[in-house]
Amino acid sequence: MSMIHKFSMNGYNIVLDVNGGSVHVVDEVAYKLVDLYKENTKEEILNTLKDEFSVDKIEEAYEEIKVLESEGLLYTEDKYEFHPNFVARKPVVKALCLHVAHDCNLKCKYCFAAQGDFGGAKEMMSFEIGKKGIDYLIANSGTRKNLEIDFFGGEPLMNFDVVKQLVEYGRSIEKQNNKIIRFTLTTNGVLLNDENIEYINENMHNVVLSLDGRKDINDNMRPTLNDKGSYDLILPKFKKLVENRPKDKYYYIRGTFTRDNLDFSKDVIHFANEGFKLTSVEPVVGDESNPYALRAEDMPKVFEEYENLAVEYADMKVKGDDFKFFHFMIDLNQGPCVIKRITGCGAGNEYLSITPNGDIYPCHQFVGNEEYIMANILDKEIVLPTELRKSFMDAHVYSKDDCKKCWNKFYCSGGCHANAMNFNNDIKKPYELGCEMQKKRTECSIMIQAKLMLEGE
């Protein structure tokens with residue numbers, strides 16, 4: 001079934017061929033005509049539009065759309081649901097989230113990890129637990145060469161000696177197993193110093209630096225344990241890390257916006273002004289009983305902010321600025337990567353989380369919900385529950401009623417499984433506000449790329 005999506009933003013009329021991924025910037029005539037083209041004859045279309053546009057303009061637009069259709073650039077059919085790479089996929093474990101510390105030295109108000117301990121005991125991962133996790137990843141990764149290990153918390157720097165031991169262990173066994181392990185670390189920056197900055201920059205393929213943006217915004221949501229603001233403590237350390245970061249390694253500043261800063265575009269631009277080149281500011285996820293949680297009534301303002309940011313961001317990109325906002329960096333080209341996008345994040349199959357006591361969960365967002373403990377890494381024989389793994393594997397965009405008919409399904413991967421469970425108690429029913437924000441971000445991304453195509457050098 002063919003599908004198009006159209007929208008206007010920043011002076012552009014944009015038409016997306018959903019299944020093929022082609023983007024077209026069109027005039028007013030074509031913008032109205034695309035809705036009529038498939039269900040009406042040429043004569044019926046002329047009759048419908050003749051009071052608004054001249055016959056010549058209507059006929060010209062009609063012929064242009066006809067050519068695009070014949071060239072496979074508009075009204076293409078969905079060819080992915082029965083693609084052999086999707087139907088016959090056999091996922092292997094390729095990424096592991098090691099919760100090396102279930103404790104934290106900040107007390108962020110919105111923390112889904114309950115100040116680092118995920119609602120359980122405060123504890124640190126031993127080297128032995130982490131080592132068994134790495135062994136399990138390598139043994140269950142099949143022929144896949146590139147593997148990922150994320151050091152997560154709580155705050156991983158609170159258990160940094162074990163982090164270093166695990167990196168050393170991974171490096172000692174990767175080559176003999178024909179693997180390349182890419183390590184990532186997420187940190188709030190409180191414990192950064194010259195020594196661990198040097199180590200992180202040498203050994204971590206990626207590093208995620210948590211900061212919410214402007215000083216007052218950050219300090220309101222991310223206080224230290226003694227209720228002081230964390231911004232002035234952390235910002236200089238993040239700057240030092242980034243200034244010394246090798247060009248072949250990655251980082252990004254990651255923030256969260258809440259109901260308290262619906263003008264979050266200012267926080268993104270604040271990051272740019274502070275010299276950070278890759279940023280992400282994510283919407284908070286929380287029940288509406290929390291005063292900071294986003295609500296349906298906030299969406300018009302949130303959408304306006306995304307559009308304002310997209311307009312400013314597009315101008316920056318046209319001028320050649322290398323600043324990047326993570327959510328505006330989507331790939332509009334359909335191809336092999338589409339199979340990955342429609343299957344989702346891989347939680348419970350390709351991606352697993354391990355807690356300090358060795359419990360294995362589908363992902364870090366499920367940690368603390370004991371219904372989702374899949375096994376323990378210390379088990380003599382680790383057998384992950386088949387039905388649970390299958391339920392995650394089957395939670396793709398073609399199995400979700402809301403996703404099947406959605407124009408954004410090839411860009412959002414069906415949303416977060418944990419959010420679906422937390423809000424709807426159904427892994428196949430996505431979190432609605434998350435979907436709406438994701439759709440707006442996709443539109444913004446498309447507009448930015450359209451502007452670059454038309455005005456960029």
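**A helix pair up close**

Author: Helix α11 goes past helix α17 in a right-handed crossing (a crossing is right-handed if the near helix is turned clockwise from the far one by less than a right angle, and left-handed if anticlockwise). Before going on, note that this is a predicted model, where local features need pLDDT of at least 70 and side-chain atom pairs count only at pLDDT 80 or more, while totals for chains, interfaces and linings use all residues. Residues are numbered from 1 along each chain as its sequence is written, and side-chain values use heavy atoms, with hydrogens and water left out.

Back to the pair. α11 covers residues 299–318 and α17 covers residues 432–455 (helices are DSSP runs of H or I with at least four residues, strands are runs of E with at least two, and both are numbered from the N terminus). Their axes lie 9 Å apart and the packing angle is about 25°; axes here are lines fitted to C-alpha atoms over the stretch in contact, and angles run from 0 to 180 degrees between N-to-C directions. So α11 and α17 are roughly parallel to each other, a label for angles under 35 degrees, with over 145 called roughly antiparallel, 65 to 115 roughly perpendicular and the rest oblique.

Who touches whom? On the α11 side, the contact includes Met299, Val302, Phe303, Tyr306 and Glu307, and on the α17 side Leu433, Glu436, Met437, Lys440 and Arg441 are among the residues taking part (contact means heavy atoms within 4.5 Å). By class, this contact has 15 nonpolar, no polar and eight charged residues; Ala, Val, Leu, Ile, Met, Phe, Trp, Tyr, Cys and Pro count as nonpolar, Asp, Glu, Lys and Arg as charged, and the others, Gly among them, as polar.

For another pair, look at α5 (residues 127–139) and α6 (residues 160–174), whose axes come within 10 Å and cross at roughly 30°. That angle makes α5 roughly parallel to α6, and α5 passes α6 in a right-handed crossing. Phe127, Gly130 and Lys131 of α5 are among the contact residues, as are Val162, Gln165 and Leu166 of α6. The classes here come to seven nonpolar, three polar and two charged.

While you're around α6, check the loop between β7 (146–152) and α6, where Gly154 sits. A cis peptide bond joins Gly153 to Gly154, with omega about 15°.
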